[in-house]
Amino acid sequence: KALEIDAAFVPITDDAELPRLFDTYPLFEDKLILITCKFHPLANKHIISLSEAANEKFIFMPRNSIANNICMEACIKSGFKPQIVHESSYWDTISGLVSAGLGVSLVTSSVANSLPNRRDIERIRLKETFDTTIALIIRKDLSSVRCMHAFVNFTLEWMENQMNKKS
């Protein structure tokens, strides 16, 4: 049986094409940043143009994932095709490989702030703005199911409360 997803939190861009099987609920805006290990030559820079990382080895989420597509698109817009040396479905694995000096990665700032080894990596802002929206997606055929509807409402209310706390 194929893996089926009922709901997921995913990064999307304005031009992302999600399958029509999903209802999309935008939650908040985020930006891509570059993460490196502490001893990487770019680690002492606070902000770079993504093209400065064109010759780096990259660690990305798997091909055909939304996160991979966003990162590939950012690199291509910056004039290069990234050399991907490893792919993982887990942010913890990606950050572990980065902190070990095996490559760099593009992640959203919210992901970077949630990494368990965040003291072992450097976060580098990008001069270019690569905005993403973190969204909740729900399979259309489940949107009217009472428990899924309650989950969506809870998530939207919780996000609104979190945003109001920051204001």
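Author: Happy to. This is a predicted model, so local features are described where pLDDT is at least 70, side-chain atom pairs count only at pLDDT 80 or more, and totals for chains, interfaces and linings use all residues. Residues are numbered from 1 along each chain as its sequence is written, and side-chain values use heavy atoms, with hydrogens and water left out.

Let us start with the cysteines. A search of the whole structure for disulfides, meaning pairs of cysteine sulfur atoms within 2.5 Å, finds zero. Cys75 is in no disulfide, and the nearest cysteine sulfur, which belongs to Cys71, lies 6.9 Å away. Cys75 is buried, at a relative accessible area of 0%, whereas Cys147 is exposed at 59%. Here buried means under 20% relative accessible area, exposed over 50%, and partly exposed in between, using a 1.4 Å probe and protein chains only.

Next comes Asn64, in the loop between strand E4 (57-60) and helix H1 (66-77). Helices (H or I, at least four residues) and strands (E, at least two) are DSSP runs numbered from the N terminus. Asn64 has a phi near 70 degrees, a positive value in a residue other than glycine. With 74% relative accessibility, Asn64 counts as exposed.

Finally, look at Ser95 in helix H2 (residues 91-99). Ser95 is buried, with a relative accessible area of 0%. The Ser95 side chain reaches the backbone oxygen of Asp92 at 3.1 Å.

Definitions and conventions. A polar contact is a pair of N or O atoms within 3.5 Å; within protein, one must be able to donate a hydrogen and the other to accept it, and residues adjacent in sequence count only if both atoms are side-chain atoms.
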